[in-house]
Amino acid sequence: MEPRRLAVVSNRLPVVLTRENGSWSISPGSGGLVTALGPVLRDRGGLWIGWMGNTVEALHHSPLPADLLNRGAAETGYTLKPVSLTDEDLKKFYYGFSNEILWPLFHDLPTRCNFDPGYWKTYREVNGKYAQAVVEHTDEEDYVWIHDYQLIMVGRALKQLGVSRHTGFFLHIPFPPLDVFLKLPWRFEILDGLMEYDLVGFQTARDRRNFLGCVKALKPGTRITGRGSVSRLVTPDRELLVGAFPISIDFMEFSHMASSAAVSWQAQMIRHKLPNRQLILGVDRLDYTKGIPNKLLALRNALERYPELRRRITLIQVLVPSRKTIKEYALLKQEIERLVGEINGEYTEVGWTPITYIFRSLDRSQLAAYYRACDMALVTPLKDGMNLVAKEYCASSTTEDGVLILSEFAGAAVQLHHGALMVNPYDVEGVANAIHEGYRMDLRERKIRMKALRRSIRKHDVFGWVNSFLRAGIAKDLRSFPHLEFFVPAPQEAS
Ligand code: GDG
């Protein structure tokens with residue numbers, strides 16, 4: 001197959017539409033998927049299908065100007081095709097099935113699940129809406145790459161519409177082991193849905209193994225062959241490939257940004273304002289999988305058990321607002337802020353506060369400045385598909401002397417465990433010890449470790465990730481979708 005265009009389908013389009021003083025504006029979105037796929041699609045004339053972040057009801061009162069998405073497309077070099085969702089869709093498909101069921105279950109946290117039977121119907125219907133958009137905007141020559149847990153049933157919906165497309169699916173979050181997956185009331189449907197794609201990609205070999213374990217147990221007629229990182233599954237009515245493709249970042253982009261004059265200056269300013277100490281950075285979306293309370297307890301433990309750290313370290317914790325309307329997330333925010341308050345209350349002295357807490361999204365150059373300014377990064381998720389923050393921190397450590405403290409339960413641990421200080425995020429004393437060890441680590445060891453980390457991330461960057469997926473899916477790589485010198489976006493229908 002010689003694919004004509006790459007069509008990416010994800011829950012959200014990679015842009016944020018905001019309305020201020022009566023007029024709409026468009027800006028780049030943030031988050032793992034956007035960071036990874038933005039540079040890959042840029043100027044290749046493909047398309048991105050997704051929800052634009054505002055429901056039908058919201059847009060009814062203030063409609064979008066017809067050319068707004070075209071303006072975004074002209075900047076990014078790919079076409080944006082919106083999917084319309086209602087308030088009810090959003091409630092049951094996104095907040096409900098995706099984030100109260102699949103998200104906690106796939107992160108091994110079944111007790112956080114709300115298996116409300118009402119969510120499933122809407123999840124399938126909304127996946128049908130995305131499938132409909134795929135039918136409208138692509139043809140059989142395109143390669144359709146569907147992303148993440150919100151859209152597992154799109155392949156099945158395409159089949160029900162009688163439409164044939166070359167499809168790949170990539171799961172950005174972990175895939176759970178059999179005993180956890182079995183708890184899902186729709187386990188057969190979800191497994192069947194995944195097996196509808198031509199290629200299914202996971203972040204790590206462990207996720208792939210977990211998936212194959214579920215297939216063996218729940219679909220006993222399936223033959224599994226192949227040894228390397230990609231297996232072939234043969235069922236009585238179809239064949240598919242299943243592989244592990246660890247996602248990464250645009251290493252050179254982060255490295256260049258971090259060494260630019262503007263970011264170097266901002267980093268110096270941060271250091272100047274927090275002098276005579278080592279800075280430790282935490283950057284997390286507000287989410288219970290990111291292990292933020294555990295991290296704060298570990299910091300408290302370190303300050304308690306290692307008094308020499310007092311006045312000598314500051315944790316800069318950036319917390320990015322997320323899933324604002326879910327009650328659990330609001331409670332988590334309260335818990336984090338209570339802990340920050342308690343720890344600062346206990347240990348602050350004149351001229352020194354142990355935690356600098358930032359609750360907002362930063363722009364990319366500010367984020368790079370924090371990466372560059374901090375002597376250590378503390379990345380301690382309880383479970384994470386990959387964790388790009390860990391990789392971005394290393395790519396931005398252009399002086400090669402940063403220390404990465406990393407959770408064993410991040411997908412990134414497979415690749416980074418040689419250079420990072422590895423921790424079990426549930427082990428408060430263990431994380432505290434790692435903070436102390438990082439603080440005392442001499443420059444020589446810091447450099448050896450960080451050089452190895454940077455080498456590995458440079459070698460396995462986001463372009464390598466896409467190429468390995470495309471090679472497995474269609475025996476092609478990004479060169480089949482060459483850079484365009486001029487990109488003219490397709491006309492946008494008003495929606
Ligand atoms: C999911 C999986 C997997 C963060 N703060 C700001 C900001 N960010 C960007 C970071 C990074 C991204 O958001 C976060 O990516 P993570 O990988 O850490 O986490 P998730 O958002 O949960 O992503 C995860 C990922 O998908 C990719 O497959 O690694 O396991 O859960 O890129 O830079 N960006 C900006 N301002 C911020 O304040 N601009």
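Predicted model: local features only at pLDDT ≥ 70, side-chain atom pairs only at ≥ 80, totals over all residues.

**Stop 1**

Select Arg310, which is found in the loop between helix 12 (292-305) and strand 13 (313-320). Helices (H or I, at least four residues) and strands (E, at least two) are DSSP runs, numbered from the N terminus. With a relative accessible area of 30%, Arg310 is partly exposed. Here buried means under 20% relative accessible area, exposed means over 50%, and partly exposed is in between (1.4 Å probe, protein chains only).

Residues are numbered from 1 along each chain as its sequence is written, and side-chain values use heavy atoms, with hydrogens and water left out.

**Stop 2: the ligand and its shell**

Which residues come nearest to the ligand? Of the 24 around it, they are His172, Leu362, Asp384, Leu388 and Glu392. Color the shell by type and you will find 10 nonpolar, 9 polar and 5 charged residues. In this scheme Ala, Val, Leu, Ile, Met, Phe, Trp, Tyr, Cys and Pro count as nonpolar, Asp, Glu, Lys and Arg as charged, and the others, Gly among them, as polar.

Where does the ligand lie relative to domain 1 and domain 2? Color domain 1 (5-247 + 461-480) and domain 2 (252-459) separately: both give residues to the shell, so the ligand lies between them. These domain bounds come from an automatic or database domain assignment. Helix 1 (32-41), strand 12 (278-285), helix 14 (364-373) and helix 15 (388-396) each supply at least two residues of the shell.

**Stop 3**

Start with Asp384, where a polar side-chain atom lies 2.5 Å from an oxygen atom of the ligand. At Ser361, a polar side-chain atom is 3.4 Å from a ligand nitrogen atom. Asn387 uses its backbone instead: an N or O atom there lies 2.9 Å from a ligand oxygen atom. Taken alone, the ligand exposes 730 Å², and the protein buries 92% of that. Such accessible areas come from the Shrake-Rupley method with a 1.4 Å probe; for residues, only the protein chains shown count as cover.

Stay with Asn387 for a moment. Its place is in the loop between strand 15 (376-379) and helix 15, and with a relative accessible area of 7% Asn387 is buried. Its phi is near 90 degrees, a positive value in a residue other than glycine. Most residues other than glycine have a negative phi.

Then return to Ser361, in the loop between strand 14 (355-359) and helix 14. Ser361 is partly exposed, at 43% relative accessible area.

**Stop 4: helix 19**

Select residues 462-474, which form helix 19. At 1.5 Å a residue, its 13 residues should span 18 Å, and its end C-alpha atoms are 18 Å apart, which agrees. The expected span is 1.5 Å times one less than the number of residues. Which residue caps the N-terminal end of helix 19? Asp461 does, with a side-chain oxygen 3.2 Å from the backbone nitrogen of Phe463. Buried residues in helix 19 include Trp465, Phe469 and Leu470. Just after helix 19, Ala475 takes a positive phi of about 55 degrees, and at 62% relative accessibility Ala475 counts as exposed.

**Stop 5: helix 5**

Finish with residues 117-137, helix 5. At its start, a side-chain oxygen of Asp116 reaches to within 2.8 Å of the backbone nitrogen of Gly118. Among the buried residues of helix 5 are Tyr119, Trp120, Tyr123 and His137.

How values were computed: Near = heavy atom within 4 Å. Polar contact = N/O pair within 3.5 Å; in protein donor to acceptor, adjacent residues only side chain to side chain.
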